[in-house]
Amino acid sequence: MARTDPLDLIIQINFVIVAALLIAAFSLLVYLLAYYFQNRSARGAAWLLASVSIVYLGDLVLFFVADPRSAEPWLRLQWLGIAIAPAAYAHLTDALLERTGSFSPWRRWAVRGAYALAFLWFLLAMSSDLLVHDGTADGRAFHLWAGPLFPLFLICFIGGVGWGIVNAWRVRQRTLISTHRRRMTYLALTMIAPAVGVFPYLLLAGRTLPAFPLIFWGLVGISNLIIGTMLFGMVYAVAYVDVLVPDRVVKQRWITYLLRGPVLATLVALVMFGVSRLSHALGLPLALLLPLAAVGTIVSYELLSDGIRPFFEWLFLRRDVSELARMRRLSEAMITARDLRQFLEGILALICETLRSPTGFVVRRTPEGIEPVAAFGDIAHASIEATLAEMDPSSNGPVRTDGFWVWPLRSRAEGILLGAIAVAAPSIEVSPEVLHEVLPVWIARAAAALEDRLIQERALQALEQVAEEARRLRWAEREPSTLSLIEHPEFTAWVRDALAHYWGGPRLLQSPLLQLRVVQQAMEAHDGNPIRALRAVLAEAIERLRPDGERKLTAPEWLLYNLLELRFLQGRKVREIAQRLALSESDLYRKQRAAIEAVAMVLAEMERRAARTTEEEPSPPPRAPHPGRGGGRQIPPEEDGAPR
């Protein structure tokens, strides 16, 4: 058996390390751009990672190059990453200093100048021999020789990196909060990694290090492992800068990205490298083995990642692991609207089959009225709302009315009426066992499902309010814009809630529509009362849907306006409106959704016009506060800041 050359083995190990480091650097670059692009400090760190990615991409290609002549173009291309590293250091640390209140116009111009100088160095490296020249190979390591301008570049590189590290330490000293100071310490210590990773030290070492190839390649491998670890630490620290979200959110995002990105990509690269080494031994073509190995690794990793994730959560989220497990269990137990409909359809089908009834339905009570959830057969003639209104609060059913048997669905604790199940009166005799033992169990399960869904909806509404407040805090530095309200995906739902509570209710008092510019303008005509102003704006939006000519209740062009006016402005019952408009109740609910969407479109257009009008009006000159008019107060001499 042929013995493996130790140098070949070490070089192969270095190839795997360089590939893993390139994957890590590029993955971290994408991570910063995807989640934190709006932060200037993150963009500076992204430039650092870009420089590392370019240099290590060149190193990876050089493992497959046979001679110095073929290696020279790639060695020169690496200078794009080498040249921009000092500028990226200046960029990152300038952004961090501004975060601590140290603003400097000349420092900003220095950053721009550093990037311009980096581009100049790169042009010199690509197009001339003034900076570097003549690719060579020593100890199986390709490198260039230093040109006459390399000492000047060395001064610029050391000065730029040193300035960046000193500024990073200044940031740490200026940071007042202990937690932030600790993170700035991590950042200052790990920022040295990109400089060590991209600097072309073979231009200085010449033939000294490659003369001892085993020692040289061993040191390269160890340094690359350290650099990779420090890069993760640097990005982890930058991820917390200027991000107004809980640490848990940042850590969970970090864990998810690590598992789906760098870890998976590195594992696939390792497997493909191992397969390429085994292809000759197995006697199978590499073109066949590589796709099979890649696909098998990705599919198997889906199961492996579930086992790895708890370890990462324990590593990063030790104090929150139990709460995260609890939240995960709650998420799995959530019931969606589709789940509720399918579950109630199953119970309704059992009842219909047992009673041999071809028609039945399940309804629930909502702030907008009675909402059908599940149905079998034609229920257009069923007086749903009237039946529930006349139902005895103490009755558990069935109530026989309009040829239907109706069971109320009540909450378990307070007995609140949540909805009802109704089936057409059976044509066969129902046994007492079915009526008093079997059916009550199914009715109780249906009521429990409605109650659980109601509790969940309330909880989700509370969570949405918390999430909305968190988003407002996160983007508090932005100037609020009411135009973002009409572009919000929940805008139509807000309009529906406001119409449902048109004559009073908590959703009208807490409606985001109160922030609309058109509502704020209407307050002037309603004594500053925001509720009356919102009602007036909604009424105007409905009135704009009124067709021209004489009103007709059953004409198609009048349908939306009549429905809105009767349902919300007059507050009439659904059954009465359906009779007046010659509609079935189920058809009425479908038309009502279309009518609410039409009101939302009209209201959005009113808001856009109000915004354009406000922008076109010249701003009034500032008025000095009058001491007798409540528009301000007299400023005592000691408060106005004027010299005495």
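## Overview

The protein has 25 helices and seven strands, where helices (H or I, at least four residues) and strands (E, at least two) are DSSP runs numbered from the N terminus. This is a predicted model, in which local features need pLDDT of at least 70 and side-chain atom pairs count only at pLDDT 80 or more, while totals for chains, interfaces and linings use all residues. Residues are numbered from 1 along each chain as its sequence is written, and side-chain values use heavy atoms, with hydrogens and water left out.

Buried residues make up 44% of the 644 residues in the protein; buried means under 20% relative accessible area, exposed means over 50%, and partly exposed lies in between (1.4 Å probe, protein chains only). Among contacts between residues at least 6 apart in sequence, 65% join residues at least 24 apart, a contact being heavy atoms within 4.5 Å.

## The five-stranded sheet

Five strands form an open sheet in the order S4-S3-S7-S6-S5, with antiparallel pairing; two strands pair if DSSP finds at least two bridges between them. The edge strands, each pairing on one side only, are strand S4 (369-376) and strand S5 (399-401). From one strand to the next, the twist averages 25°. Axes are lines fitted to C-alpha atoms, for helices over the stretch in contact, and angles run from 0 to 180 degrees between N-to-C directions.

Within this sheet, strand S3 (residues 360-366) and strand S7 (residues 417-424) pair in the antiparallel sense over five bridges, and Arg 364 has Gly 419 in S7 as its bridge partner. Helix H15 (residues 337-355) packs on the sheet, where it touches S3, S4, strand S6 (404-410) and S7, and its direction makes about 60° with that of S4. Arg 356 lies in the loop between H15 and S3, and its phi is near 55°, a positive value in a residue other than glycine.

Strand S6 is mostly covered, since seven of its seven residues are buried. Both of its faces are covered, with Phe 404, Val 406, Pro 408 and Arg 410 buried on one side and Trp 405, Trp 407 and Leu 409 buried on the other.

Three bridges join S5 to S6, which run antiparallel, and Val 399 has Val 406 in S6 as its bridge partner. The hairpin of S5 and S6 has two residues between the strands, and in this hairpin Asp 402 takes a positive phi near 55°. Strands S6 and S7 also run antiparallel and are joined by seven bridges, with Trp 407 standing opposite Ile 421 in S7. S6 and S7 form a hairpin with six residues between them, and Gly 415 in its turn has a positive phi of about 70°.

## The second largest pocket

Rolling a probe the size of a water molecule over the atoms shows where empty space is left. On a 1 Å grid over the protein atoms alone, a cavity is a set of points where a 1.4 Å probe fits but cannot get out, whereas a pocket is an open set with protein on both sides within 12 Å along at least five of seven lines, and lining residues have an atom within 4 Å of a point. The second largest pocket has a volume of about 1,000 Å³, a volume being the space filled by probe spheres set on the points, which are joined across faces, edges and corners.

This second largest pocket is lined by 41 residues, of which Asp 59, Leu 62, Phe 63, Ala 141 and Trp 217 lie nearest its centre. The elements that each supply at least two lining residues include helix H1 (6-36), helix H2 (40-62), strand S2 (141-146) and helix H10 (213-238). H10 gives the most to the lining, with seven residues. The lining residues divide into 30 nonpolar, seven polar and four charged, where Ala, Val, Leu, Ile, Met, Phe, Trp, Tyr, Cys and Pro count as nonpolar, Asp, Glu, Lys and Arg as charged, and the others, Gly among them, as polar.

## Buried and exposed places

Helix H19 (residues 491-500) is largely enclosed by the rest of the structure, because seven of its 10 residues are buried. These buried residues are Phe 491, Ala 493, Trp 494, Val 495, Asp 497, Ala 498 and Leu 499.

Two loop residues can be described in turn. Ser 102 lies in the loop between H4 and helix H5 (105-127) and is buried, with a relative accessible area of 12%. Leaving aside its neighbours within four places in sequence, Ser 102 is in contact with Leu 97, Arg 107, Arg 170 and Arg 174. Ala 582, in the loop between helix H24 (574-581) and helix H25 (585-616), is exposed, with a relative accessible area of 59%, and its phi is near 60°, a positive value in a residue other than glycine.
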